[in-house]
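Hi,

Here is the structure I promised to pass on. Please have a look at it first, and then read my notes below.

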Amino acid sequence: MMLGTFLPKPEQRFAAAGAALGALVSVAWLASGTALPDQMAPHWDVPAVMAAGAMPFILGGSFYRWRHSRRLELELRAARRAERRLRNEVHRDKLTGLANRAALEADISQALSAEGAAFARNALLLLDLDRFKVINDTLGHDAGDRLLALFGARLRRAFAGEATVYRLGGDEFVLAAACAPSQADAEMLATRVEKLFEAPFDLGETRIASGCSIGIAFIERSDKSTSDVLKRADLALYEAKAISGNSHAFHSETLSHAVRQRAEAERDLTRGFEAEEFFLAFLPILGIESGSIGGFQALLRWRHPHLGVIGAETFEPPEQSATTLALGAWALQSACRQAAGWSFPKGLTIAPFVSQLRDRDFVTQVERCLSDAGLSPERLTIEVAEGVSTDDLVIVTENLRGLRALGVRVALGGGSASSLPLNQISDVRGVARLPDQDRTGAAAFDRRQRCREGERGGLRAGLWRCRDPRPLGFACYGRRVGARRRR
């Protein structure tokens with residue numbers, strides 16, 4: 001205890017032990033000189049005494065240096081172990097145990113630094129799980145994490161030793177092949193990945209079938225960083241997502257050109273919105289039986305400086321753009337204000353963008369527009385236009401329920417009436433399951449209603465409206481574009 005107090009460092013204690021040992025050796029050596037016969041070399045001359053006196057210092061210093069070197073060696077080993085552990089944590093995804101984006105960037109940087117024949121043009125597959133957001137929203141995040149871990153394990157087992165599997169984040173994975181320089185090799189890998197989804201995933205309480213979309217790009221000599229490769233793979237992934245089911249697509253210059261066109265269109269849209277080039281046109285809705293105007297539908301128009309007046313179906317605002325949300329909010333607010341100023345209390349129908357219907361603040365936005373304009377909720381009809389997919393069903397259903405709670409009517413456009421599973425949104429109060437749907441996109445109602453619509457086939461303009469004989473606040477709209485329908 002006292003030794004640890006006065007000599008806290010291990011090196012100091014080792015030095016003290018060495019000095020004590022040196023002193024003991026010196027004393028024993030000098031004592032042996034006294035006891036030995038006279039013919040032995042005397043130990044008490046000046047050099048011998050000086051050597052005996054230096055012995056404790058020599059051994060003490062040697063012990064100190066040895067213990068200090070040993071401590072440095074142990075610390076170095078511990079530092080290396082910690083470095084390996086940290087490197088593993090930095091380059092490892094905690095959920096799946098796969099390599100992460102940092103590891104991918106390090107590996108691609110190393111591949112791009114290779115020169116001459118050492119450079120390998122290998123394929124990079126960007127994978128995205130289908131309908132993962134729906135699984136998260138319906139089954140919970142724990143089920144989503146379980147699915148990611150199971151899929152990561154399948155990938156690791158299937159491609160062990162021939163490709164490296166990475167998880168970028170969310171539901172995106174990357175498969176970097178070691179020997180896949182051709183499109184045929186990459187396509188074989190993509191097919192093998194797609195086959196991994198033939199068996200359902202066991203999430204504990206339930207088993208689900210999933211799928212994936214795959215974008216494929218190749219590491220090129222002209223690439224400067226990982227983002228260059230991932231950008232091309234992401235474009236191919238976008239193309240693959242447009243194909244139903246498990247699918248894959250290769251990057252091409254056509255895709256890059258299309259992306260540049262979309263970016264240019266988005267910049268033009270932003271410019272037009274800032275320049276106040278958009279306005280609303282109101283198309284009358286005619287009753288089938290009475291022929292009278294029952295309301296108006298607000299249609300967004302763009303007074304383009306080069307293309308003239310064009311409709312929203314022509315310029316197709318990008319769904320992920322902030323400008324699209326801002327433009328849709330402006331259209332809704334303007335339509336409510338103009339409808340509130342009409343001298344006749346007719347109904348107003350407006351079809352928001354798909355991105356608005358997916359916005360969790362959409363119901364609040366509608367309520368604010370009605371309040372600011374002083375428009376009665378019963379006069380407003382929100383039309384769910386074509387383009388809403390089943391992936392958006394959860395949030396769209398919540399918004400429909402919120403709109404019905406406000407007293408706002410909800411209508412399905414022809415395209416959405418054929419694509420949305422109405423039986424899954426029939427629990428929304430005020431929304432009933434419609435009769436069976438035909439394949440043209442408009443809802444198929446009873447034969448008597450169809451005959452009445454056919455008899456009034458001379459309505460060449462405006463909108464025709466089919467009503468369920470049991471009005472429950474839900475309707476289906478379609479545009480009348482032809483003359484009398486032939487049966």
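**What I found**

Valine 259 lies in helix α9 (residues 253–274); helices (H or I, at least four residues) and strands (E, at least two) are DSSP runs, numbered from the N terminus. At 24% relative accessibility, valine 259 counts as partly exposed (buried means under 20% relative accessible area, exposed over 50%, partly exposed in between, with a 1.4 Å probe and protein chains only). Its C-alpha atom is separated by 7.8 Å from that of leucine 235, 24 residues apart along the chain.

Please keep in mind that this is a predicted model, where local features need pLDDT of at least 70, side-chain atom pairs count only at pLDDT 80 or more, and totals for chains, interfaces and linings use all residues. Residues are numbered from 1 along each chain as its sequence is written, and side-chain values use heavy atoms, with hydrogens and water left out.

On confidence, the chain has an average pLDDT of 76, and 74% of the residues score at least 70 (pLDDT is the predictor's confidence in each residue, from 0 to 100). Confidence is highest in helix α13 (residues 362–373), at a mean of 94, and lowest in helix α17 (residues 447–455), at 35. The pLDDT is below 50 over residues 430–487, yet this stretch has 112 contacts in the model beyond near neighbours in sequence (contact means heavy atoms within 4.5 Å).

Now to α13 itself. Its buried residues are Phe362, Val363, Gln365, Val366, Cys369, Leu370 and Ala373. Seen down the helix axis, they fall within an arc of 160°, so they line one face of α13 (the arc is that of the directions from the helix axis to the C-beta atoms). Their cover includes α11 (322–340), α12 (354–357), β12 (380–384) and α14. After α13 comes glycine 374, with a positive phi near 75°.

Strand β8 (residues 278–286) runs antiparallel to strand β9 (residues 293–304), joined by 9 bridges (two strands pair if DSSP finds at least two bridges between them). They form a hairpin with 6 residues between them, and glycine 291 in the turn has a positive phi of about 75°. β9 also pairs with strand β11 (residues 347–350) in the parallel sense over 4 bridges, with phenylalanine 296 opposite leucine 348. Another 4 bridges join β9 to strand β10 (residues 308–311), running antiparallel, and these two form a hairpin with 3 residues between them.

Best wishes
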